[in-house]
Structures are given as structure tokens and as C-alpha cells.
Amino acid sequence: MISRDHPRYHSLMQREKITDAWRKGILADSGMIAHGRGEAFDYLLGEETTEPARKAIKAAAAALILAENPVISVNGNTAALVPAEVVELAGEIGGKIEINLFHRTEKRVKLIEEVLREHGASEVLGTGKLMHIDGIMSPRATASPDGIYSADTVLVPLEDGDRTEILRKSGKTVITVDLNPLSRTSRMASISITDNIVRAVPALIDTVRELRDAPREELEGILRKFDNTENLRETIKLLDIRRYNPEIESSQE
Ligand code: PTJ
């Protein structure tokens with residue numbers, strides 16, 4: 001039992017959810033390693049939603065509201081940390097939920113489907129036959145015909161660079177949540193939210209609610225003004241660890 005007074009309470013609670021999901025077979029083994037990498041970036045970013053992340057969340061909310069067929073992709077880490085929030089967001093945007101795994105096994109698909117249904121999902125895609133996007137015969141190009149395959153906008157948290165690239169090339173708007181602003185996923189996506197998924201998804205839900213009734217031109221304007229590369233550049237500046245210790249000098253100054 002982790003005490004609420006512990007200075008690392010939130011981080012320890014996330015670790016508990018992650019290890020619990022691993023014990024149940026929901027998480028891939030490397031899901032724990034991925035979480036550790038995310039944790040390190042989160043630490044350096046101050047474990048809070050930064051200003052660039054807020055901008056990306058606003059753009060993502062606008063894109064999801066404007067989308068005709070939005071789909072949220074769920075993997076093991078997402079199911080471990082924010083299952084209820086994913087179901088809530090799908091409800092808010094009138095979107096579908098698709099299980100899409102890097103380390104796919106039928107057993108994990110079934111376990112993740114159970115978790116999502118326990119949290120209120122009535123329809124979960126990605127459990128049956130998959131198709132190859134644009135005929136690309138890579139396991140990274142597979143998607144459900146009624147879900148990601150035919151979606152115009154996909155939210156793919158904690159994704160892999162290859163997959164993000166395939167989705168972009170097939171003309172979809174790709175929104176990712178990835179704490180590593182240097183990752184290929186972050187660079188390849190249309191909108192990268194560099195924030196912890198435990199904060200990003202609730203913030204997306206709130207922002208969708210705020211913007212839902214905004215005029216279409218306003219939403220299109222938010223999207224037009226958003227520049228992913230520039231936003232990542234702003235985020236990377238925040239990672240300058242010397243600000244935590246001014247005595248550390250860079251030899252490349
Ligand atoms: O469940 P599966 O089989 O689909 O596998 C999922 C993982 C995450 C194991 C797989 O997609 C993978 O190996 O991903 P990567 O390439 O390690 O990328 C994961 C990215 O997510 C890394 O850049 C991490 O920094 C980031 N990340 C980890 N935890 C969080 C996070 N980003 C946001 N919130 C987090 N909590």
C-alpha cells in the first residue's frame with residue numbers, strides 16, 4: 001500500500017498499475033522497459049503538462065472533433081494506465097476503440113478486450129481479422145477494416161515509428177502521446193503530445209468538451225496554426241537538464 005504522502009506517490013501508483021498489468025499478462029514484457037523510458041522523460045519535464053503539450057492537446061482535440069471517423073488505438077501500456085479514460089474519450093468524440101499490439105498474441109488481445117469492456121466499452125475492434133494498410137505486407141501495417149484501416153484520424157499512444165509512418169503515408173491524421181520528444185513516432189506524427197498518458201488523455205477529454213461547440217472555422221484555424229516540428233523543438237528546450245543544476249556546463253556551449 002503506497003501512502004498518499006509519499007513524495008513519489010503518483011509515479012509509484014503508475015508503477016503498481018504497470019507491474020500488476022504485467023502479472024496479469026496484459027502488458028508486453030518490454031512494456032515495462034517502455035514505461036521506464038517514459039518515466040525518465042517525465043521526470044526531466046517536471047512531471048507536469050508543459051505549455052507545448054497543452055498546445056498539442058488543443059490541436060489534437062480540434063482534429064478529433066473535426067474527424068469523420070476517429071479511432072483510438074489501444075496497446076498494453078494504455079490499457080494498464082488509462083482504460084476508463086480511453087472509453088470516456090471515445091464516447092466524447094463518437095470514435096471507435098481498436099486494440100493494436102506491437103507484440104500481438106491472441107491471449108493479450110482477449111485480456112485487453114476484457115479490461116476495456118469492464119470499463120464500459122461496448123465495441124472493441126482489432127480482435128478479429130485484420131487487413132494490411134495499402135497492401136503493405138508488414139505486421140506494422142495491419143488494422144481492423146472497420147477501425148484504423150478506414151479511419152481518417154487515429155490517436156496512437158506509445159506507438160512505434162514504423163507504424164506511425166505507415167499511417168501518415170496512407171493519408172491519415174496521426175495523433176500520438178509519447179513522452180520522448182526525440183522519438184521517430186513523435187517526429188513522424190501529425191500532432192505529438194509530449195506528456196504522460198495519465199495526464200494527456202484526461203486533458204484531451206476536457207479540451208474536447210470545451211471546444212466541441214466551437215465553429216468549424218475556429219477548429220480548422222487551431223489545426224492550421226499548429227506546427228508539430230516547432231512544438232517538439234520547444235519541448236526539447238525544456239529538457240535542458242542544466243537548468244536543474246547551473247554548475248553543469250556543456251562543453252558544446
Ligand atoms: O502492448 P504492445 O505489444 O503494443 O507494446 C507496447 C510497447 C510500448 C511495449 C511498444 O509499443 C514499444 O516497444 O514502444 P516503444 O518503442 O518503447 O515506445 C514507447 C514510447 O512511449 C517511448 O518513447 C516512451 O518514452 C513512451 N512512454 C512510455 N510510457 C509513457 C510514454 N509516453 C507517455 N506516457 C507514458 N506513460
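A residue counts as buried when its relative accessible area is under 20%. The close-ups below come from a predicted model.

**View 1. Thr 176, a buried residue of strand S6.** Thr 176 is found in strand S6. Its relative accessible area is 0%, so Thr 176 is buried. A polar atom of the Thr 176 side chain lies 2.9 Å from the backbone oxygen of Val 156. Leaving aside neighbours within four places in sequence, the residues in contact with Thr 176 include Val 156, Pro 157, Leu 158 and Glu 159. Thr 185, Ser 186, Ala 189, Ile 191, Ser 192 and Ile 193 are also among its contacts.

**View 2. Asp 178, in the loop between strand S6 and helix H8.** Strand S6 covers residues 173-177 and helix H8 covers 184-188, with Asp 178 in the loop between them. Asp 178 has a relative accessible area of 13%, which is under 20%, so this residue counts as buried. The side chain of Asp 178 reaches the backbone nitrogen of Asn 180 at 2.8 Å. Not counting residues up to four places away in sequence, Asp 178 touches Ser 183, Thr 185, Ser 186, Ile 193, Thr 194 and Asp 195.

**View 3. The ligand and residues around it.** There are 24 residues around the ligand, and those that come nearest are Gly 76, Phe 102, His 103, Arg 108 and Asp 178. One oxygen atom of the ligand is 2.8 Å from a polar backbone atom of His 103. An N or O atom in the side chain of Asp 178 is 2.8 Å from an oxygen atom of the ligand. In the case of Asn 196, an N or O atom of the side chain is 2.9 Å from a nitrogen atom of the ligand. On its own the ligand has 740 Å² of accessible area, and the protein covers 92% of this.

**View 4. Positions listed under "binding site" in UniProt.** The unreviewed UniProt entry lists Arg 15, Arg 37, Asp 178, Leu 179, Asn 180, Arg 184, Thr 185, Asn 196 and Ile 197. These positions span 183 residues in sequence, and their farthest two C-alpha atoms are 24.9 Å apart, so they do not all gather at one spot. From this set, Arg 37, Asp 178, Leu 179, Asn 180, Arg 184, Thr 185, Asn 196 and Ile 197 belong to the lining of the largest pocket.

View 5. Arg 15 has a relative accessibility of 43%, so it counts as partly exposed. Not counting residues up to four places away in sequence, Arg 15 touches His 35 and Glu 39.

Definitions and conventions:
Residues are numbered from 1 along each chain as its sequence is written. This is a predicted model: local features need pLDDT of at least 70, side-chain atom pairs count only at pLDDT 80 or more; totals for chains, interfaces and linings use all residues. Side-chain values use heavy atoms; hydrogens and water are left out. UniProt positions are given in the numbering used here, feature names are shortened, and annotations may be inferred rather than shown by experiment. On a 1 Å grid over the protein atoms alone, a cavity is a set of points where a 1.4 Å probe fits but cannot get out, and a pocket is an open set with protein on both sides within 12 Å along at least five of seven lines; lining residues have an atom within 4 Å of a point. Buried means under 20% relative accessible area, exposed over 50%, partly exposed in between (1.4 Å probe, protein chains only). Contact means heavy atoms within 4.5 Å. Helices (H or I, at least four residues) and strands (E, at least two) are DSSP runs, numbered from the N terminus. A polar contact is a pair of N or O atoms within 3.5 Å; within protein, one must be able to donate a hydrogen and the other to accept it, and residues adjacent in sequence count only if both atoms are side-chain atoms. A residue is near a molecule or strand if one of its heavy atoms lies within 4 Å of it. Accessible areas come from the Shrake-Rupley method with a 1.4 Å probe; for residues, only the protein chains shown count as cover.
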